[in-house]
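Biologist: I would like to go through the charged contacts and the surface of a model. Please take one feature at a time.

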Amino acid sequence: MAGGTWSSRRVICRQDGRTTGRQDGRTTGRQDDRTAGRQDEPAQRQDSEPLEAAYHVTPAEIEQAVSRTSAQYMGDLRTMLAEVGKVYEGQLAAKDAALEAKDQALTTKDQVISTQAETIAELRRRAEQAEAERDRLAAAQAAPDAPGATEPPTPDNPSPDAPPSFWARVRRVFTGDEGS
C-alpha cells in the first residue's frame with residue numbers, strides 16, 4: 001500500500017484504482033465508478049493530482065452550500081407538509097360531514113322517539129278514560145237490579161228528558177201512538 005494516494009470522500013487506491021470505502025485502506029473490491037470498464041486508468045491516475053486538488057473550496061463557500069441545501073430542504077419540506085395538510089384537511093372534512101350526518105340521524109331518531117312517547121302517553125290516557133267509562137257503565141248496569149233504579153237511556157228506551165229521535169217518531173206514527 002505504500003505510495004498510494006487517498007481521497008477524503010472515497011478512499012481510492014492510486015495504484016490499482018479500486019475503491020476501499022474505508023479510511024484504513026482495506027479494499028472492498030469495487031472499482032471506482034469513474035474508472036469502471038477502463039483498463040488504462042491505473043497508469044493515468046498515478047500521473048494526475050488527487051481529486052480534491054482540482055477543487056479549491058473556502059469555508060465561506062461551504063457555508064453557502066450548506067445554506068442553499070438547508071433552504072432547499074426547508075422549501076421541499078414546506079411543500080410536502082402543505083400537500084400532506086391538504087390531504088389531511090380533506091379527510092377531516094369528510095369525517096366532519098360523516099359526523100354531521102350521524103348527528104342529524106340521531107336528532108331525527110330523538111324526534112321520532114319523542115313523538116312515539118307522546119303517542120303512547122295519549123293512548124294510555126285514552127285507555128284510562130275508556131276503563132273509567134267501562135267501570136261507570138258496569139256500575140250503571142249493576143244499578144238496575146237495585147230497587148228504584150232506572151235503565152240507562154238507549155235508542156230503544158230513550159230518557160224521558162231527551163227529545164224523541166227520528167226513528168222513534170216514525171215508529172210512533174206507524175204504530176198509531178201519535179199522542180206522544
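This is a predicted model: local features need pLDDT of at least 70, side-chain atom pairs count only at pLDDT 80 or more; totals for chains, interfaces and linings use all residues.

Biologist: How many salt bridges does a search of the whole structure find?

Modeller: The search finds four salt bridges. One of the pairs is glutamate 122 with arginine 125, at 2.3 Å from N to O.

Biologist: Where do glutamate 122 and arginine 125 lie?

Modeller: Both are in helix α2, which covers residues 59–142. They are three residues apart, or about one turn of the helix.

Biologist: Which residues are linked with them in a network?

Modeller: Salt bridges link Glu122, Arg125 and Arg126 in a network.

Biologist: Are glutamate 122 and arginine 125 buried, partly exposed or exposed?

Modeller: The reading rests on two cut-offs: under 20% relative accessible area is buried, over 50% is exposed, and partly exposed is in between. Glutamate 122 has 29%, so it counts as partly exposed. Arginine 125 is also partly exposed, at 40%.

Biologist: Which residue does glutamate 133 meet in a salt bridge?

Modeller: The side chain of glutamate 133 meets that of arginine 136, with 2.3 Å from N to O. About one helical turn separates these two because they are three residues apart in helix α2.

Biologist: What is the N to O distance between arginine 134 and aspartate 135?

Modeller: It is 3.4 Å, and their side chains meet in a salt bridge. Here the exposure cut-off of 50% matters. Arginine 134 is exposed, with a relative accessible area of 51%, whereas aspartate 135, at 45%, is partly exposed.

Biologist: Now the nonpolar surface. Which residues make the nonpolar patch?

Modeller: A residue can join a patch when its relative accessible area is over 30% and it has no salt bridge; nonpolar side chains are then joined within 5 Å. In this model, Met80, Leu81 and Val84 make a nonpolar surface patch of about 290 Å².

Biologist: Where is valine 84 found, and what is its relative accessibility?

Modeller: Valine 84 is found in helix α2. Its relative accessibility is 49%, so valine 84 counts as partly exposed.

Terms used. Residues are numbered from 1 along each chain as its sequence is written. Side-chain values use heavy atoms; hydrogens and water are left out. Helices (H or I, at least four residues) and strands (E, at least two) are DSSP runs, numbered from the N terminus. Buried means under 20% relative accessible area, exposed over 50%, partly exposed in between (1.4 Å probe, protein chains only). Patches are made of residues with over 30% relative accessible area and no salt bridge: like charges are joined within 9 Å, nonpolar side chains (Val, Leu, Ile, Met, Phe, Trp, Tyr) within 5 Å. Accessible areas come from the Shrake-Rupley method with a 1.4 Å probe; for residues, only the protein chains shown count as cover.
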